[in-house]
Amino acid sequence: MSNQNPPIKFEIYDGSQLIQTEVLVDNTIKIGRLSSSHLKLDDSSISRMHAVIEVHGSDDVVILDLGSDSGTWVNGDRVKNRKKLTSGDRITIGRFTVVLTMARPKGESKPGNRPSRSVAQNVPLFDQDDDGPGVDRALEVLVMWGQTVTDVSHLTEDGDYTIGEDSDVSHFAPESLLPGPSFPLAQYIGGMMVVNVPDGVSGQVMLDDQVFGLDDLAAAGKLNAGAVSGSRSLKLPPRGRCRLKIGGQYFLINSVPAASKIGPVPLLQALDPQFLRYLLVGFCLHALVALILALYPAGATGLDFDDWSMEDRFAEMMFDEEKERLEEQKNFLKKMKEEGEQSAKAKDRQGKAGKKSEKKKDRRMAIEGPADNKKIELAKKKARDEAVETAKDALNQLDQMSAAFATANTAIGRDAVHAIGGLQGAKIGASSGFGGLGLAGVGGGGGGLGTSVGIGSVGTLGRGSGGKGTGYGRGKARTVKRTSKMPTIVLRRPKVSGGLDMETVRRIIRRSRNRFKYCYEQELQRNPDLAGKVKVKFVISGQGKVLVSQVTENTMKNQKVGRCIKRMTNRLQFPAARGGGTTTVRYPFMFKGS
């Protein structure tokens, strides 16, 4: 029996797949789910502390089951209490199978072979390459502190693995145990792997199933003078493993097959497939949102191209609120001036009727034409029709009166002619009045000479003289003048719900009323009788921008006006609402030609 425990190799299989290999020399080897176990097996059917292997020498290795539920099996037999193990045994725990290989100490031969005559003859020829030519090897250095791996390095090209206390060494080791502050523990030189062993350091070399001590290798002449004074060097054979203990650290130096070189990987293969899926889904979602925003109309009837089809679309962009305000003031002043001019004309000779020097009183007014105009039948017929209608109106008023003839101080007489007032006259011509015309109001009767043709009410009693009128009547004459139609827009009371108040909305609409009037004027030129109501519903965002608009009612039956009003509504800018809420507005616009 050897005084030192032999290294034991454990090959752990999950089914038929080798997942782990461990080489241990401890006296007690724990197996279970605990992280402190020497052989940690992660399976729910395995106990936290499942079994223990006790090593008392190369020929005294036993396994004990610690009362686990699933049990421990060796070569198909369940371990009831304890069972002795030998090299090649298969231990089954849960779904895992552990193959045990015990290296034989020096001097022992394989079963069935004759023992060697000397230790030197038992040492392998480390100068031979058992893998044959063309097999690339790598030098692996694994450092352990207790059960913790602190470093793993691979040398596939010429280089050194150094230890010591210098700042540029591969791994730390106490300088007191080394020949210097930087010591080349392992070297890869031209495809040859060399291990340098400091003097005073113990260790073993494992090759296949055999273990050789460093002293035995030195006696066999396999250790040479090291590259550094105070050390010895060993050429590590293929598949060989060297184990050195320096201080509290174990250095495992192995000759392993070199990994195949990996060429450049395409970009798509280098990326994680899950990441690519997430990236593709995110791109598709962003593209879908962009497409929806691009196709989303401004309103229910917003899919049109009227802005591009209008010949004067650029003129719409020239509207300015300040210009609109000045335009309104200018129109107001112009209207006041025109009314003043009309008043002055009415007061002057143009507003007077009758001829003072004329003695005839049964004539009516008409537009004077050329003297040789003989085609006056239509004018006469029209005059007769107007006289009949006027008389009918007057008689209708008389039917409604219940008072006697002689009570009104503005009446003109008792007979029918005076009651009617001679409103028509017998024929067209100059006249100085007839029976006072029975008119009460400003101006003289029937071609009188007052300052105005003020037609008031028709009296039924009293006799006038056709003289000059003296006062203002109770009404004004309604004169009709042919003029061009002036379009007007009436802004009715809107319905507002949301963050903005109604007065704020009405103020912005009134300020921009010329924009909506512009829409109406464009179509009024084509259809002079165009009139009606257009109701628009629109939503204002919390920042004051019109989000969507829709024409909900259009009584003028002109779609172009409705679409133009909707566009103008979309361009409005309102103040920001308090609290940032949206505002819904239903605004009616009334349009008429005069």
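R526 counts as exposed because its relative accessibility is 59%, where exposed means over 50% relative accessible area, buried under 20% and partly exposed in between, with a 1.4 Å probe and protein chains only. R526 forms a salt bridge with E523, and the closest N and O atoms are 3.0 Å apart. Here a salt bridge is a side-chain nitrogen of Lys or Arg within 4 Å of a carboxyl oxygen of Asp or Glu. E523, at 10% relative accessibility, counts as buried.

Before we go on, a word on the source: this is a predicted model, in which local features need pLDDT of at least 70 and side-chain atom pairs count only at pLDDT 80 or more, while totals for chains, interfaces and linings use all residues. Residues are numbered from 1 along each chain as its sequence is written, and side-chain values use heavy atoms, with hydrogens and water left out.

Helices (H or I, at least four residues) and strands (E, at least two) are DSSP runs, numbered from the N terminus. Helix α11 covers residues 513-524, and its end C-alpha atoms are 16 Å apart, which agrees with the 16 Å that its 12 residues should span at 1.5 Å a residue. That expected span is 1.5 Å times one less than the number of residues.

Let us move to strand β1, residues 8-14. Strand β1 runs antiparallel to strand β11 (residues 96-102), joined by 7 bridges; two strands pair if DSSP finds at least two bridges between them. Within this pairing, E11 has V99 as its bridge partner. On β2 (residues 17-24), β1 has an antiparallel partner, again with 7 bridges, and here I12 stands opposite Q20. The two strands β1 and β2 make a hairpin with 2 residues between them, and G15 in the turn has a positive phi of about 75 degrees.

K9 and E11 form a salt bridge whose closest N and O atoms are 3.8 Å apart. K9 is partly exposed at 22% relative accessibility, whereas E11 is buried at 18%. Another salt bridge joins R95 to D14, with the closest N and O atoms 3.2 Å apart. This pair links distant parts of the chain, since R95 sits in the loop between β10 (90-93) and β11, D14 lies in strand β1, and 81 residues separate them. R95 is partly exposed at 43% relative accessible area, and D14 is partly exposed at 28%.

Further along, strand β14 (residues 159-164) has two partners to look at. With β16 (residues 182-189) it runs antiparallel over 6 bridges, and D160 stands opposite Q187. With β15 (residues 171-172), β14 pairs in the parallel sense over 2 bridges, where G164 has F172 as its bridge partner.

Finally, the whole protein. Its secondary structure comes to 12 helices and 32 strands, and 36% of its 594 residues count as buried. Taking contacts (heavy atoms within 4.5 Å) between residues at least 6 apart in sequence, 58% join residues at least 24 apart. The protein exposes about 36,800 Å², of which carbon and sulfur atoms supply 52%; accessible areas come from the Shrake-Rupley method with a 1.4 Å probe, and for residues only the protein chains shown count as cover.
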